[in-house]
Amino acid sequence: MGSGLTDGFLHPLTGFDHLLAMVSVGIWGAELGAPAIWLLPIAFPLIMAFGGALGVVGVPLPGGELLIALSVVVLGVLVASARRLPIWTALTIVGVFAIAHGHAHGVELPRAADALAFTIGFVVATGLLHLTGIAIGVLAYWPRGIIVIRACGGVVAVAGCYFVYGYAWV
Amino acid sequence: MPGCERVIRAPRLTAIVSSLAVCLNPATANAHTALLGIGGFWSGVAHLLTSPDQLVLLLGLAIWTSFQNMRLDARVIGTCFLAVLAGAWVGAGMIARTGLSLAPAGAALMLAVGLAGAMRLRVGAVPLISLALAAGLACGAASVDAAADVSVALFSLGGSVAAASVLSYGLLAARRLESEWGGVARRAGASWIAAIGLMMLAFSVSGHAGWG
C-alpha cells in the first residue's frame, strides 16, 4: 500500500513533462479567471482518468508521447501569451492533453503495484500540481506578476520544444 | 487570601499524587486482554478504516450529501449504518460461498458519487438514500473476507460504527466548506474520487494483478 501510494504520488512529480503540463493547466486556468480557474482542475482529473482507463484496458494511443511533449509547448505558449479562449475551447484543448497524460499513467502502471494506492497517489499529486499552478497564477493580479507568469510560460514552452526534439530525433 | 489558596490547592495536589501513584503502581499489563470477546468489533472498525477503497467511497458520499439539504444528513448516515450491517451478513451468507467479486460494484459506486459531487448534482431523498444504501451494502459485503475467524455480528457492528463515523466526520468537514471556494474544493475532491473510481473500474475490467 505504502510503496504503491508513494510510486503513484511521485509519478507525475518525477516526469518533467507531466509536472510542467499540470502546473501550466493551473496557471492558465488562473489567467482565464472564473469559471476556468475552477472548471479546469475539476474536469482534468476525470478526463485524465478516462485516458488512464484506456491505457489500463490496453487501448493504444498512437503518438501519445508526442502529444504529451506537445502539450507542454502549447500550454506554455498559452500561458506566455495569456490567451483568452472560450471555456469550451479551453476545455477541449486541456481534455485532449489530459487523455494523453492519463494514458501514459495507465500504461506505465507496474503490474505488481497496488493499483488503488498508485491511482490515489497520482490523482492527488496531479491535483496538487494544479493547485500549485493556480497559486502561481494568482500573481497575475499584480502588474509585475503578469510579467513573471508570462516568463514562466515562455520557459515551459522552450522546455516543451526540447521534449518534442527529444521525442522526434533521439 | 493565601490561606484559601492553600486550602483549594491541597486536595488538587493530593489527587495528582494519588493518580500518579496509581499509574506507577506495578501491575500486570492488560493490553488487549480487556478486549477479549469483542475482538470482532475492533476488527470490523479497523478493516473499514484501513480499506482505502471503502474510505474513498464513503468520503465521496459525504461530499455529495453535503450539497443536499442538511435534513438528509442523518438519514444518509443511518441508512449507511444499517446497510453496512446488512451487507456483512449478505456477504457472509452469499458472497463468501460464491466467491463473487464486489470490486467492480464498489468502483462503479465510487464513480457515481464522485461524478454527482463534481457536478454538484442536487437530488431528492430517494436517489441519495438509494446510493447510500448501495454504498453501505457494498462496503459491508466487501469486508466479509476479513471476518473469517471472528464473530460476523460484532465485525459487522464495528464496520457499521466506523462507516457512520467516517460519514459523520466527512459531512462535518464538508459542511464547514460552505464558501464559494469551499464548494470548489469539495467539487475538486469529488472529481478526484470519480477519477479513482473510473480507474478502478478499468482495473476490474482488465483483471489487473494489483486490484480486485
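The model is predicted. Chain A has seven helices and zero strands. Chain B has eight helices, again with zero strands.

**Chain A: fold and dimensions**
- Along the sequence, the pattern of chain A reads α-α-α-α-α-α-α.
- The radius of gyration of chain A is 15 Å, close to the 15 Å that the globule rule gives for 170 residues, so chain A is as compact as a globular protein of that length.
- A box of roughly 50 × 35 × 25 Å, taken along the principal axes, is filled by the C-alpha atoms of chain A.

**Chain A: burial and contacts**
- How much of chain A counts as buried? The share is 52% of its 170 residues.
- Take the contacts in chain A with a separation of 6 or more. Residues 24 or more positions apart account for 88% of them.

**Chain B: fold**
- Starting at the N terminus, chain B runs α-α-α-α-α-α-α-α.

**Chain B: burial and contacts**
- Chain B has 212 residues, and 45% of them count as buried.
- What share of contacts in chain B between residues at least 6 apart in sequence joins residues at least 24 apart? The share is 90%.

**Recap**
- Chain A: seven helices, with 52% of residues buried.

Notes: Residues are numbered from 1 along each chain as its sequence is written. Chains are lettered from A and ligands numbered from 1 in the order in which they are written. This is a predicted model: local features need pLDDT of at least 70, side-chain atom pairs count only at pLDDT 80 or more; totals for chains, interfaces and linings use all residues. Helices (H or I, at least four residues) and strands (E, at least two) are DSSP runs, numbered from the N terminus. The radius of gyration is taken over C-alpha atoms; the globule rule is 2.2 Å times the number of residues to the power 0.38. A residue is buried if 20 or more other C-beta atoms lie within 10 Å of its own, exposed if 12 or fewer, and partly exposed in between; C-beta atoms are placed from the backbone. Two residues are in contact if their C-beta atoms, placed from the backbone, lie within 7 Å.
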